[in-house]
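Hi everyone, thanks for making time this morning. Today I'd like to talk about salt bridges, so let me put the sequence and the structure up on the screen.

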Amino acid sequence: LFYSFFKTLIGQQVTVELKNDLAITGILTSVDQFLNIKLDEIRAVDDAKYPHMMAVKNCFIRGSVVRYVQLPASAVDTALLQDAARREAQQPTTGGAH
Amino acid sequence: MTVTLISTPPAVVTPEQANQLQQNPPDSGLMPQITHHTQQNVRVLITPPAFDAMIGKGTLYVTESKLYFFSLDTNTGLAIDYPTIIMHAISRQTIDGAGPCIYTQLDIDPSSLRGANRSIENQSEDEDRDEMIEMKFIPDDTSSLEAIFEALSECAALYPDKEYMEEDSDNELYGNGDNNEWITAAPSDEQELSEVGNASRAYLDSIIDQSNLTNLAEQQRTSPDTNEHEEMFEDADE
């Protein structure tokens, strides 16, 4: 479900917070089934703390190190997502959100 | 999650050579590593400084099993497991005399990097405290950065983490198993992108039609008020 959900967000600006406390803002360019994320036009949220990121335009983030993904509120219909998630939980063997 | 010092270079073949080898397996039965990209004349720089100074310039091998770097000058190198690489990127700036490079962050215990003469392992109770381990690969040929980045992306995607495999067994329905599908927004694929977006929306929309009525009460309690919501309510009233 969330793989499909992230696919609908491609092209939007998101902020990814990693488990090592680094937060990166960028445009979501791609996502795969393991929720590995590629971002474009990135900048570290706290530039002064992470100067090494300033030269980086795009990056690949391993899905397992992501703590949160912050999304634009306007891009998400929470009721829709709630509902889809509920249905997904009720269909453990046939869930397939293509 | 390991970074290992190596003293011999890896035996690598290209994917095409690997296909031929599979048809005619070598007598020893040992398959060399399949490399997605090999780049010579690369320097490695580790922050905070560790044993990179002693490795010197060498060749970067982006293989399907590990990321290898080996220097023939010093006969030493590194073997890095892909799950250790939490992020990789292309950095185009020139900082401290180091030109454009592949910037990577590694998920290992910083203090273990300083013991340079043995294999290094992550200790789970000792994750990066405030330090982040960065490893930069600076090729002499700057135009190779895109290819190295793509090869890194392909090989990193071959190693999803175990927690994913355990939790989401029905993820297999989303992807293709072996062939990791990247859904991207490449300019030529705009048509496809909107189709994908529309397919997802269509699926989610179909859910809404069926269950909107039963969920109204819950939504009034828990969801924020948005215009879209009011529209949904209107649909239900019709």
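Which side chain meets A:Lys38 in a salt bridge? It is that of B:Glu150, with 3.7 Å from N to O. Before I go on, please keep in mind that this is a predicted model.

Let's stay with that pair for a moment. It crosses between chains: A:Lys38 sits in strand β3 of chain A, residues 37–44, while B:Glu150 belongs to helix α3 of chain B, residues 145–156.

Now over to chain A. Here A:Arg67 and A:Asp21 bring their side chains together in a salt bridge, at 3.0 Å from N to O. A:Arg67 is in strand β5, residues 66–70, and A:Asp21 is in the loop between β1 (13–18) and β2 (23–31), so this pair ties together parts of chain A that are 46 residues apart in sequence. Both partners are partly exposed, A:Arg67 at 34% relative accessibility and A:Asp21 at 46%.

On to chain B, then. What is the distance between the closest N and O atoms of B:Asp140 and B:Lys57? It is 2.7 Å, and the two form a salt bridge. B:Asp140 lies in the loop between β10 (133–139) and α3, and B:Lys57 in the loop between β3 (33–47) and β4 (58–63), so the pair ties together parts of chain B that are 83 residues apart in sequence. In terms of relative accessible area, B:Asp140 comes out at 48%, partly exposed, and B:Lys57 is partly exposed as well, at 31%.

How many salt bridges are there over all chains? A search of the whole structure finds eight, and the pairs I have shown you are among them.

Let me finish with some background on chain B. This chain has six helices and 11 strands. Of its 238 residues, 43% are buried. Taking the contacts with a separation of 6 or more, 56% are between residues 24 or more positions apart. Finally, the accessible surface of chain B is about 13100 Å², with 46% of that belonging to carbon and sulfur atoms.

Definitions and conventions. Residues are numbered from 1 along each chain as its sequence is written. Chains are lettered from A and ligands numbered from 1 in the order in which they are written. This is a predicted model: local features need pLDDT of at least 70, side-chain atom pairs count only at pLDDT 80 or more; totals for chains, interfaces and linings use all residues. Side-chain values use heavy atoms; hydrogens and water are left out. A salt bridge is a side-chain nitrogen of Lys or Arg within 4 Å of a carboxyl oxygen of Asp or Glu. Helices (H or I, at least four residues) and strands (E, at least two) are DSSP runs, numbered from the N terminus. Buried means under 20% relative accessible area, exposed over 50%, partly exposed in between (1.4 Å probe, protein chains only). Contact means heavy atoms within 4.5 Å. Accessible areas come from the Shrake-Rupley method with a 1.4 Å probe; for residues, only the protein chains shown count as cover.
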